[in-house]
Amino acid sequence: MKQVYISRHAGTSLVRYLVSQGYQINTVTEYGIVNQDTTSLDAVLDTEQLIHVDPRIATHPDIYMCQLGLWNEAGIFVGDPERLRPDYPNDIIYNAVCTRDYVFHRIENTDRDLMDAIITWRQGLAYDTYQPDSEGHFHEETKVIGVRQGYTRCSCLPVNNDSFITSDEGIARALEAQGAAVLLICEGHIKLRGFEHGFIGGTGGNIYINSGGITDQKAIIFNGDLSTHPDFEKITGFIKSRNILPVWFEDYALEDIGSILAME
């Protein structure tokens with residue numbers, strides 16, 4: 001079953017859309033993850049579990065887990081909340097970006113179990129990924145890149161395996177130096193509860209949507225009204241140029257909710 005992990009602060013339109021596309025919703029709360037088919041949200045919020053990070057980001061999926069790969073290659077690594085602490089960088093140990101071609105994070109702070117999981121996941125892809133193309137060439141190894149920005153997934157939206165959108169100049173420089181395609185956008189213009197502004201990575205995620213064809217359409221879905229962003233045309237153009245459909249909702253503000261993490 002298709003599954004997605006989203007903050008309990010995700011917009012209603014987003015949640016309804018994901019359900020309509022066949023995704024099982026796993027809601028991230030301050031006290032744990034609530035599955036549609038298990039405990040009710042109210043019951044979880046009544047418990048007395050500890051909040052391990054800043055309450056302002058305590059419902060953000062990318063604080064507790066990391067998406068390994070995109071679309072049909074995707075898996076979800078769920079970390080141990082007991083390893084998290086409210087102070088930076090002890091709250092960013094799982095906040096990495098991982099695609100087939102690139103893994104990047106503040107590597108000195110990346111959780112050891114996450115790195116092991118990435119290696120295992122990558123080995124699992126090896127048979128399919130490394131089949132030769134029409135010219136007999138094999139896919140290159142994944143590039144592991146260290147960046148200074150610890151809130152890496154918050155700050156950077158993966159568009160496909162080698163294309164990214166970010167407002168962080170340091171991330172952009174590091175990726176471009178390794179051959180990735182990067183769209184650098186202006187900072188701000190994104191809501192984040194308790195902060196001056198949020199970041200593009202925390203607003204979106206990679207999903208499949210029903211196309212009516214033989215295969216589903218790859219899409220990037222945003223939590224809120226992407227069209228209000230000053231770089232809207234650049235963002236949607238960058239996405240569409242890769243045969244990916246941008247999806248957004250005009251009935252509420254574009255908001256950083258700690259990413260939308262999906263797996264098939």
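His197 counts as buried because its relative accessibility is 18%, where buried means under 20% relative accessible area, exposed over 50% and partly exposed in between (1.4 Å probe, protein chains only). The model is predicted, so local features need pLDDT of at least 70 and side-chain atom pairs count only at pLDDT 80 or more, while totals for chains, interfaces and linings use all residues. Residues are numbered from 1 along each chain as its sequence is written, and side-chain values use heavy atoms, with hydrogens and water left out.

- His197 lies in the loop between β11 (181-184) and β12 (204-209); helices (H or I, at least four residues) and strands (E, at least two) are DSSP runs, numbered from the N terminus.
- Leaving aside residues up to four places away in sequence, His197 touches Glu187, Gly188, Ile190 and Leu192, a contact being heavy atoms within 4.5 Å.

**Whole protein**

- The protein has seven helices and 15 strands.
- Of its 264 residues, 55% are buried.
- Among contacts with a separation of 6 or more, 62% join residues 24 or more positions apart.
- The protein exposes about 12100 Å², and carbon and sulfur atoms supply 48% of that area, as computed by the Shrake-Rupley method with a 1.4 Å probe.

**Strand β1**

- Strand β1 (residues 3-7) is largely enclosed by the rest of the structure, because four of its five residues are buried.
- β1 pairs with strand β2 (residues 24-29) in the parallel sense over five bridges; two strands pair if DSSP finds at least two bridges between them.
- Tyr5 has Asn26 of β2 as its bridge partner.
- From β1 the chain passes through helix α1 (residues 12-20) to β2 in a right-handed β-α-β crossover, meaning that with the strands pointing away from the viewer, the path from the first strand over the helix to the second runs clockwise.
- β1 also pairs with strand β15 (residues 261-263), in the antiparallel sense over three bridges, and there Val4 has Ala262 as its bridge partner.

**Helix α7**

- In helix α7 (residues 232-240), the buried residues are Phe232, Ile235, Thr236, Phe238 and Ile239.
- These residues are on the same side of α7, because they cover an arc of only 160° around the axis, taken from the directions from the helix axis to the C-beta atoms.
- Glu233, Lys234 and Lys240 are exposed on the other side of α7.
- The cover over the buried residues of α7 includes β9 (156-160), β10 (163-166), β11, β13 (217-222) and β14 (245-247).
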